[in-house]
Amino acid sequence: MSGGHDHGHDHGDGHDHPHPFQPDGDAGGLTEHMALVAAVRELLIEREIYSADDERRAIERMDARSPAAGARMVARAWVDPDYRERLLADGAAAARELDIEVGPTRLIVVADTPDTKNVIVCTLCSCYPRWVLGLPPAWYKARAYRARVVIEPRAVLAEFGTALPEGMAVRVHDSTADMRYMVLPARPEGTDGWDEAALAASVSRDCMIGVALPSAAVSGA
Amino acid sequence: MSAARFAPGARVTVATRHPACHHRAPAYIKGRTGTVERLCGSFGNPETLAHGGDGRPAQPLYRVRFGARELWGARAEQDADTVEVEVYEHWLEAAP
């Protein structure tokens, strides 16, 4: 596709010119797999296995999941050492303990320490702990993040504005198969005496992927 | 569940084969040696699951920890950095 189109509309600024435009993301047409999905979907609905409204509701439920669930788990782990231990032993069971549904997810929670910063990636595709963090950000699925963070994690974190202390090692976790990962970051300075809700508000999505650090300044407390 | 061949701490090397089928051993760990961090359980083999098969026999799945220098040589940022990857047992051999 060329960079411009000649449609000659009037901008109201007294001139008439072609200008470049960005093609729509779905402008590529239907691939074989997209056609297959559409056909199976139509058959399932036609045979009343489920309705179009069932499907819409399921998508709406999935899209409604948010990093607030993961942040609650992190905040609880900061205030309750026994919970922290259970969270690191079995992330899915620890989520259910807080009434957070995680479906079939096998969740490994990795804890930052003064010596080690953990970062999550899926180099092969875009595996992500959706039940506890919601939908992944676009950059998490991008080739640049997936290819670079395993090789030069500090450079990638620096681009996110995250500088690591001298002497801290980085451990990158590549979700290549059946497990999903979430980072338990270190509790930030200046949060003594905060309640769990305020602590949870200091934990953003990116902190649990591992590319950012929680900050007392982020919370409304 | 088949008995797991490797215990945490075991040194393992990833096979260097490149099957044309779907497989979940990323290219950057093939031929590299690391240490078993934990056994995650046993899971259906994606190499048959992805192609209409039943995934049996289930494969023990490990988290294997690699040193950044082992993977990237001089390009690694720091000696102490590590990468942990999930690897199915049939991709692993005992390393000396």
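**Note on the predicted two-chain model**

1. In chain B, strand 2 (residues 33-43) pairs with strand 3 in the antiparallel sense, over seven bridges. Strands here are DSSP runs of E with at least two residues, helices are DSSP runs of H or I with at least four residues, and both are numbered from the N terminus; two strands are taken to pair if DSSP finds at least two bridges between them. Within this pairing, G41(B) has L61(B) of strand 3 as its bridge partner.

2. On the basis of the coordinates: this is a predicted model, in which local features need pLDDT of at least 70 and side-chain atom pairs count only at pLDDT 80 or more, while totals for chains, interfaces and linings use all residues. Residues are numbered from 1 along each chain as its sequence is written, and chains are lettered from A and ligands numbered from 1 in the order in which they are written.

3. Strand 3 of chain B also runs antiparallel to strand 4 of chain B, to which it is joined by seven bridges, and Y62(B) stands opposite V87(B) of strand 4 there. Seven of the nine residues of strand 3 are buried, and the strand is mostly covered. A residue counts as buried if 20 or more other C-beta atoms lie within 10 Å of its own, as exposed if 12 or fewer do, and as partly exposed in between, with the C-beta atoms placed from the backbone.

4. The contact between the chains takes 18 residues from chain A and 18 residues from chain B. On the chain A side, helix 9 (153-159) and strand 5 (169-174) each supply at least two residues, and strand 5 gives the most, with six residues. By class, the chain A side that touches chain B has nine nonpolar, four polar and five charged residues. In this count Ala, Val, Leu, Ile, Met, Phe, Trp, Tyr, Cys and Pro are nonpolar, Asp, Glu, Lys and Arg are charged, and the others, Gly among them, are polar.

5. The largest nonpolar core has 64 residues, and those with the most contacts inside it are V74(A), L107(A), V121(A), V132(A), M182(A), M208(A) and V87(B). Helix 3 of chain A (residues 68-79) contributes the largest share of this core, seven residues. A nonpolar core is a set of buried Ala, Val, Leu, Ile, Met, Phe, Trp, Tyr and Cys residues joined through C-beta atoms within 7 Å. In soluble globular proteins, nonpolar side chains tend to be buried together.

6. Once neighbours within four places in sequence are left aside, L107(A) is in contact with G91(A), A92(A), A95(A), V102(A), P129(A), V132(A), R180(A) and M182(A). Contact here means that the C-beta atoms of two residues, placed from the backbone, lie within 7 Å.

7. Chain A is divided into domain 1 (29-64) and domain 2 (66-209), with bounds that come from an automatic or database domain assignment, and the C-alpha centres of the two domains lie 31 Å apart. Helix 1 of chain A (residues 32-46) lies largely in the open, because the number buried among its 15 residues is zero.

8. For helix 1 of chain A, the 15 residues should span 21 Å, and the end C-alpha atoms are 21 Å apart, which agrees. For helix 2 of chain A (residues 52-64), the 13 residues should span 18 Å, and the end C-alpha atoms are 18 Å apart, which agrees.

9. Some backbone points deserve a look. E48(A), in the loop between helix 1 and helix 2 of chain A, has a positive phi near 60° although this residue is other than glycine, and E48(A) counts as exposed because it has 7 C-beta neighbours inside 10 Å. D99(A), in the loop between helix 5 (91-97) and strand 3 (106-111) of chain A, is not a glycine either and has a positive phi of about 60°. In chain B, a cis peptide bond with omega of about -5° joins R56(B) and P57(B), and P57(B) lies in the loop between helix 1 and strand 3 of chain B.

Notes. The expected span of a helix is 1.5 Å times one less than its number of residues.
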